[in-house]
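Biologist: I have the model open and want to go through a few spots in it. Can we start with the terms and then take the residues one by one?

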Amino acid sequence: MDVNTQFHYVLISGRWYKANKLDGDEWAFEEPASLPEDFKNIPAESDVASVRASIPDTPEARDALLEQTIPQTAEVVRSEAKVEVKFDGDPKFKNIPNTEVAYAENSDKTVLKIHQEFYVVDNGIWFVSNYPKGPYQVSDKRPPEVDAIPADEPVHNVKYVYVYNSTPEVVYVGYLPGYTHSYVYNGVVVYGTGYRY
């Protein structure tokens with residue numbers, strides 16, 4: 001609670017909400033920049049110090065923003081990396097407006113149709129096939145069309161998965177935290193795009 005204004009605040013998935021009363025009041029979204037200035041003075045050793053990462057311009061928030069720019073990378077051996085794609089019935093694809101991308105609505109994996117090729121992103125690795133059910137092999141390219149996928153689409157997170165280099169034996173891949181649904185919003189890190197809400 002901010003003593004000066006008597007507003008109560010709650011932090012959910014990296015987003016702040018405030019209300020006049022704890023019970024029987026509507027909670028309203030609060031922009032990070034509009035938080036009370038005193039929030040920055042919460043001591044690092046406090047029981048609620050974990051919220052400091054969601055308060056703009058704190059060292060913890062700056063560290064979280066820096067972590068958003070560092071990819072998780074891996075060397076993938078082409079002959080060893082496998083993916084099995086299943087569909088509930090025949091493959092059913094939904095076009096993403098204003099893009100050349102469609103995604104499978106009835107698969108256990110993230111399956112994309114781009115032109116006449118099919119891509120799967122699994123565990124931060126791109127796979128490609130000529131057929132929706134495969135067989136799939138490790139892709140040494142990332143389709144640039146995924147950059148046009150808007151944030152309100154369920155497959156938005158694949159645009160944060162990259163292919164950096166390759167040899168005939170291995171592919172060097174990586175992903176940014178956006179792949180695991182962690183995003184930067186007005187100076188802090190939030191979880192999920194928020195479109196669902």
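Predicted model: local features only at pLDDT ≥ 70, side-chain atom pairs only at ≥ 80, totals over all residues.

Biologist: Fine. Which strand gives the largest share of the lining of the second largest pocket?

Modeller: That is S13, with three residues. Strand S13 covers 182-185, and strand S2 (15-19) also gives two or more residues to that lining.

Biologist: What volume does the second largest pocket have?

Modeller: About 230 Å³. It is lined by 14 residues, and the closest to its centre are Arg15, Tyr185, Gly192, Thr193 and Gly194.

Biologist: And by class, how many residues of that lining are nonpolar, polar and charged?

Modeller: Nine are nonpolar, four are polar and one is charged.

Biologist: Now the inside. In the largest nonpolar core, which residues touch the most other members?

Modeller: Leu112, Trp126, Phe127 and Tyr136, out of 31 residues in that core. Strands S6 (101-104), S7 (110-114), S8 (117-122), S9 (125-129), S11 (161-166) and S12 (170-175) each give two or more residues to this core. A separate core of seven residues includes Tyr9, Trp16, Ile42 and Val51.

Biologist: Back to Tyr136. What is in contact with it, leaving aside neighbours within four places in sequence?

Modeller: Tyr136 is in contact with Val83, Val85, Val111, Phe118, Tyr119, Val120, Phe127, Val128, Ser129 and Tyr131.

Biologist: Asn123 and Asp57: buried or exposed?

Modeller: Asn123 is exposed, at a relative accessible area of 63%. Asp57 is exposed as well, at 53%.

Biologist: Switching to Gln68. Where is it?

Modeller: Gln68 is in the loop between helix H1 (59-67) and strand S4 (72-77).

Biologist: Why does Gln68 count as buried?

Modeller: Because its relative accessible area is 13%, and the cut-off for buried is under 20%. Not counting residues up to four places away in sequence, Gln68 touches Leu176, Pro177, Ser182, Tyr183, Val184 and Val189.

Biologist: What does the side chain of Gln68 make a polar contact with?

Modeller: The side chain of Ser182, at 2.9 Å.

Biologist: Last one, Glu169. Where does it sit, and is it buried or exposed?

Modeller: Glu169 is in the loop between S11 and S12. It counts as exposed because its relative accessible area is 52%, and exposed means over 50%.

Biologist: What does Glu169 touch away from its own stretch of chain?

Modeller: Val76, Val77 and Arg78, not counting residues up to four places away in sequence. The C-alpha atoms of Glu169 and Val77 are separated by 6.0 Å, although these residues are 92 residues apart along the chain.

Conventions. Residues numbered from 1 in each chain as written. Heavy atoms only, no water. Core = buried A, V, L, I, M, F, W, Y, C linked by side-chain atoms within 4.5 Å. Buried < 20%, exposed > 50% of the residue type's maximum accessible area, 1.4 Å probe, protein only. Helix = DSSP H or I, 4+ residues; strand = E, 2+ residues; numbered from the N terminus. Contact = heavy atoms within 4.5 Å. Polar contact = N/O pair within 3.5 Å; in protein donor to acceptor, adjacent residues only side chain to side chain. 1 Å grid on protein atoms, 1.4 Å probe; cavity = no way out; pocket = protein on both sides within 12 Å on 5 of 7 lines; lining within 4 Å. Points joined across faces, edges and corners; volume = space filled by probe spheres on them. Nonpolar A, V, L, I, M, F, W, Y, C, P; charged D, E, K, R; others polar.
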